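Here is a friendly tour of a structure, taken one topic at a time. Please keep the viewer open as you read.

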2 protein chains.
Amino acid sequence: MASPRTGNAPPGVDPEAFTWFQAVDADHSGYISVKELKQALLNSNWSTFNDETCLLMISESGHVYGFSALLRFIQQWKNLFQQYDRDQSGSISFNELQQAFSQMGYNLSPQFSQLLMARYAQRSSNPSIQLDRFIQVCMQLQSMTDAFREKDTGLVGNVRLSYEDFLTMVVTRMM
Amino acid sequence: MASPRTGNAPPGVDPEAFTWFQAVDADHSGYISVKELKQALLNSNWSTFNDETCLLMISESGHVYGFSALLRFIQQWKNLFQQYDRDQSGSISFNELQQAFSQMGYNLSPQFSQLLMARYAQRSSNPSIQLDRFIQVCMQLQSMTDAFREKDTGLVGNVRLSYEDFLTMVVTRMM
């Protein structure tokens, strides 16, 4: 495995992506930290990514030797975000969020989307969700849905949970 | 309200605490950021606090004008940690964690404590939990327990949840 300090991309890795990775890995540790990732990623309104999303992305995509995975991961989210940002405003409105959920196969009420908007949208006359929050919401929604489905073996749409079942689901999936 | 830039503690605020706050607020923004808090707090093994715990603490205790609350908050957690660290090793072992939960009034199985240890303990011959992870675990446990109790109105120890009930509990309490 080539060292990231050599300046040459490992075989099979896009040299441009490798240059980006080396620039982001500011301390040349060979790992991208939450702080480094945060400084490398911007929303369309020029705000830096929030800490929670960077933490989720790092823990999902692993360390330096999976860095092409990290790049693919970011690119896939950007593509998805642009696809659901139908008016190309650079952020996701309530209606766009509802449509995105529906196309991703989630059956969620407008009230639930409203709760997410209240929590994650930028406060303005037209509340909307930036790329970082969109990634966070979708990753956590997927994780919670997986946890629920594991319990809802009969696919009836509701489950009976003991206190420790509930705690274990959250600890395993969300903490 | 006195400005933090004046160098004089506001009335009723311990001057030493105020000096600490000003040192932590490195960019003199009047707010303590996650990054600033992270640089100010150490575990007994000299490691800095993890990002998740700093985020939880900041969102719990609010911004600069509640800074005496932030100080009290940190001090209370330190006291509690020292009380449960019975052998004064500077960290919490599996047995100490079980005892702590029991004294806090939680009825949790050894398996659940083991899950927390596997997730949060430092890996060594004697796995143990540092102050930052202890604060994180206790804050999130409290939050999840509150969420569960809201649904378990009959105090029977288990609840039936729809998919959206479950998502809403997690979004409202954990995200």
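## An annotated stretch

How much helix and how much strand does the chain have over residues 72-107 of chain A? Over that stretch the chain is 67% helix and 0% strand, and its end C-alpha atoms lie 27 Å apart. Helices (H or I, at least four residues) and strands (E, at least two) are DSSP runs, numbered from the N terminus.

An unreviewed UniProt entry lists residues 12-47 and 72-107 of chain A under "domain: EF-hand". UniProt positions follow the numbering used here, feature names are shortened, and annotations may be inferred rather than shown by experiment.

## How the model is read

This is a predicted model, in which local features need pLDDT of at least 70 and side-chain atom pairs count only at pLDDT 80 or more, while totals for chains, interfaces and linings use all residues. Residues are numbered from 1 along each chain as its sequence is written, chains are lettered from A and ligands numbered from 1 in the order in which they are written, and side-chain values use heavy atoms, with hydrogens and water left out.

## Two copies

## An aromatic pair

Over all chains, the structure holds 15 aromatic pairs. Rings of Phe, Tyr and Trp (its six-membered ring) pair if their centres lie within 6.5 Å; planes under 30 degrees apart count as stacked, over 60 as edge-to-face and the rest as tilted. The rings of A:Phe73 and A:Trp77 have centres 6.4 Å apart and planes at 75°, so this pair is edge-to-face. Both residues lie in helix α4 (residues 67-84) of chain A, four residues apart, about one turn of the helix.
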